[in-house]
Amino acid sequence: MTTSAVPAKRAVGEKGGATSVAPPGRPAARRRVRSGQWAAWAFLAPVVAYLLVFYAFPLYRNVELSLKDYTVRSFVDGTAPFVWFDNYAKVIQNATFWPALTHTAIFTFVSIAFQFSIGLALAVFFFQHFRLASTLRALFLVPWLLPLIVSASTWSWMFNSDSGIVNSALEALGLPQINWLTSPDWSLIAVLIANIWIGIPFNLVILYSGLQNISGDLYEAASLDGANGWQKFWRITFPLLRPVSAITILLGLVYTLKVFDIIWIMTKGGPADSSTTLSTWSYRLGFGSVLPDFSPAAAVGNILILIALVFGLVYLRTQRKLDPS
Amino acid sequence: MTTKFRRGAAIAVAAALVGVGLVGCASSGGGTSASSKSYTFWDPYPQFDQSAAWTKLVESCGTKAGVTVKRTGYDTTALTNKALLAGQQGNSPDMLLVDNPVVSTLADAGILTSTAENKLDTSAIDKNIIAAGEIGGKTYGVPIGANTLALYYNKTVLKAAGVDAASITDWATLTDALAKVKAAGKKGITFSGINTEEGSFQFLPWFWGSGANLTQLDSPQAVAALTLWTDWLKKGYAPNSVIQNTQTTSWQEFATGDYAFGENGTWQLGNVKQAGIDYGILTIPAESGGPAAAPTGGEFLTIPVQKDAARYATTKKIVNCLTSTANFVTTDNTLSYIAPTADAQAAQVAGNAALKPWVDAVKAAKGRTSDNLGTKYPKISEQLWTAVQTALSGSQTPEAALKAAQTAAAAAIK
């Protein structure tokens with residue numbers, strides 16, 4: 001189509017006289033450069049728009065919310081006064097802050113410790129390639145495949161003080177029943193157990209794929225040297241798995257810090273504040289009561305983002321360090 | 001070359017379209033459309049679809065006023081935020097049906113018109129029900145129905161335990177009945193003590209029944225009410241699960257048929273028949289006898305502020321249609337609510353005598369944001385449910401828990 005149209009046009013121009021016809025080479029080249037640039041921008045536009053609309057703007061808005069004193073009235077008429085870091089000061093002085101921060105730290109580190117060690121143990125176990133290994137491994141992925149609302153509700157029923165299956169089991173074993181979700185001493189442990197269960201498949205899958213990259217020759221050589229299974233694990237598997245382990249743990253940290261749904265569905269952060277973390281507290285401030293308290297909620301949210309950012313930077317650093325090797 | 005350029009242009013156009021699409025999304029979903037013949041109506045009943053009787057009723061009231069009404073149902077919590085955002089954008093719906101404690105919040109935000117502005121007549125509405133919508137001497141909206149709490153009891157369980165329901169008139173006789181039920185090997189009472197508004201809602205009949213006032217959470221009366229609940233748990237009259245029960249899970253416990261009593265609302269009337277329980281209804285007793293004031297639940301029909309004040313006249317016609325006696329009866333029977341006017345209540349009882357105890361309970365009920373508490377109520381309520389949780393879970397005594405709650409509430413409403 002184009003090849004036939006262009007010479008026809010030129011022919012017309014030649015007939016009409018040389019004055020109206022521009023030298024053919026340069027403008028075409030310029031147009032090519034310009035159109036190339038436009039095309040480049042056009043290719044960039046969707047991702048730039050996406051980043052601005054879905055990342056930059058919400059973040060900016062969250063920071064703005066936390067630095068102004070929003071009430072329901074000023075939220076509607078837009079006259080919230082700028083108060084600098086008043087909301088942060090208020091949040092940190094709040095009686096809930098230190099418990100929430102401690103619970104967040106305990107929840108994150110204990111979750112990671114158990115998820116990683118159980119995940120690693122299972123990965124090594126399934127790497128033995130016994131019969132049914134792949135079927136069993138697939139079964140272990142179930143927690144990952146279930147929607148969180150399903151698994152959290154199920155755990156909440158299982159942990160029910162009066163009619164839960166966990167307490168029935170304890171009773172059958174002659175042990176006293178535990179108020180998993182309704183005792184301030186146990187509620188954090190209950191949500192931890194559920195979260196560990198949910199996080200194991202992720203660790204299992206990543207570590208299992210890490211194991212596949214370790215050369216079988218090393219194990220063979222170690223066997224010839226008379227190393228037992230324990231020695232092989234600590235001298236070969238564990239050190240060679242270190243890069244993968246680092247990534248798994250750091251990703252897990254960032255994921256676990258912001259866990260909200262499991263806790264909210266199981267205990268709503270209760271009883272009283274005994275299982276409140278920064279994420280559930282932020283939600284409660286913003287949406288948990290009839291009267292929304294947007295500014296402190298945003299402040300708590302931003303504190304959580306800052307903590308996650310620190311771990312995110314550690315992750316990027318670690319990854320950069322590992323990449324060249 | 002040309003094809004390459006064309007593809008680039010196509011992508012640019014596509015990107016522009018995506019951008020426009022986003023802007024379109026941001027500005028759509030609003031209430032006030034340019035058309036003067038089209039009115040919008042938001043409510044918290046997502047369970048009713050386009051073919052539901054409720055939708056038909058709303059639309060027919062619009063038709064009578066000579067306009068079309070577009071009804072949208074949202075989840076209750078989403079609706080509050082949605083209404084605030086719409087107010088911020090200046091495109092509120094023409095009519096907004098919201099849960100009664102939210103009225104004071106939205107009025108405080110300045111997005112609702114008072115009856116002085118919209119000229120709605122609320123004189124026929126029961127004083128205790130409309131009180132939830134009265135803030136600073138102004139009234140914002142009309143209740144379309146009310147619900148409240150009472151004690152459902154299981155006749156079979158009470159009979160087996162040798163308890164006569166008529167003998168239960170105050171806290172002491174109720175606790176005696178629970179002791180007998182437990183001795184007979186059945187379960188006593190279930191309620192909802194969760195750390196949300198539901199927990200406060202369920203505790204308030206006992207709180208008010210002791211003579212306590214929401215402005216003083218650590219009064220001796222308040223301590224007596226919380227001690228009553230805490231002792232029930234300690235003695236095993238109430239299950240430990242009440243600490244995390246919502247009203248729905250509490251209902252499920254009662255529906256097993258093992259429990260003698262369940263504190264629950266008007267809206268469970270349909271379900272109790274389905275559960276096949278031989279049930280009776282008891283007004284929640286006050287500490288020393290007589291009915292305790294239970295909190296009123298139910299929604300208010302409000303008229304949000306519009307840029308074009310001419311719309312209010314038509315909106316008023318639609319609201320008057322929806323709140324006529326005949327429509328009150330239809331709507332409240334559908335929702336399993338009690339109507340807010342004496343005439344409509346009489347008509348409801350004439351149609352279904354089983355509603356009589358509920359009409360009495362609603363007449364004795366009290367709005368949570370009443371007593372001019374308004375937007376202070378949500379902050380007080382948050383401390384109240386926290387105190388209930390702390391005491392029930394045994395981490396503090398009722399005295400200490402309520403004292404902490406009073407300190408925190410006083411600081412929050414300052």
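**View 1. Helices α9 and α10 of chain B cross each other at about 130°.** In this predicted model, helix α9 (residues 197-209) and helix α10 (residues 220-234) of chain B pack with their axes 8 Å apart. Helices are DSSP runs of H or I with at least four residues, strands are runs of E with at least two, and both are numbered from the N terminus. Axes are lines fitted to C-alpha atoms, for helices over the stretch in contact, and angles between N-to-C directions run from 0 to 180 degrees. The angle therefore makes α9(B) and α10(B) oblique to each other; angles under 35 degrees count as roughly parallel, over 145 as roughly antiparallel, 65 to 115 as roughly perpendicular, and the rest as oblique. Who meets whom here? From α9(B) come B:Trp206, B:Phe207 and B:Gly209, and they meet B:Ala222, B:Ala225, B:Leu228 and B:Trp229 of α10(B). Two residues are in contact if their C-beta atoms, placed from the backbone, lie within 7 Å. Sorted by class, this contact has six nonpolar residues, one polar and no charged ones. Ala, Val, Leu, Ile, Met, Phe, Trp, Tyr, Cys and Pro count as nonpolar, Asp, Glu, Lys and Arg as charged, and the others, Gly among them, as polar.

**View 2. Helix α9 of chain B also packs with helix α17 of chain B.** Between α9(B) and α17(B) (residues 376-392) the angle is about 80°, and the axes are 8 Å apart. α9(B) is therefore roughly perpendicular to α17(B). On the α9(B) side you will find B:Glu197, B:Gly199, B:Ser200 and B:Phe203, and on the α17(B) side B:Ser381, B:Leu384, B:Trp385 and B:Val388. Four residues of this contact are nonpolar, three are polar and one is charged.

**View 3. Five strands of chain B form an open sheet with mixed pairing.** Follow the strands in the order β2-β1-β3-β11-β6. Two strands pair if DSSP finds at least two bridges between them. Why does one side of β2 (68-73) and of β6 (142-143) lack a neighbour in the sheet? Both stand at the edges, each with a single partner strand, so one side of each is left without a neighbour. Strand β1 (residues 38-43) of chain B runs parallel to β2(B), joined to that strand by six bridges. B:Phe41 has B:Arg71 of β2(B) as its bridge partner. Helix α2 (residues 53-64) of chain B packs on the sheet and touches β1 and β2 of chain B, with its direction at about 150° to that of β2(B). Helix α3 (residues 76-89) of chain B lies across β1 and β3 (95-99) of chain B, at about 130° to β3(B).

**View 4. Chain A meets chain B.** This contact takes 35 residues from chain A and 39 residues from chain B. On the chain A side, the largest share, ten residues, comes from α2(A). That side divides into 18 nonpolar, twelve polar and five charged residues.

**View 5. A UniProt annotation marks transmembrane regions in chain A.** The unreviewed entry lists several spans, including residues 38-57 and 139-158. Residues 38-57 of chain A are 100% helix and 0% strand, with end C-alpha atoms 25 Å apart. Residues 139-158 of chain A are 80% helix and 0% strand, and their end C-alpha atoms lie 20 Å apart. UniProt positions follow the numbering used here, feature names are shortened, and annotations may be inferred rather than shown by experiment.

**Reading the views.** Residues are numbered from 1 along each chain as its sequence is written, while chains are lettered from A and ligands numbered from 1 in the order in which they are written. In this predicted model, local features need pLDDT of at least 70 and side-chain atom pairs count only at pLDDT 80 or more, whereas totals for chains, interfaces and linings use all residues.
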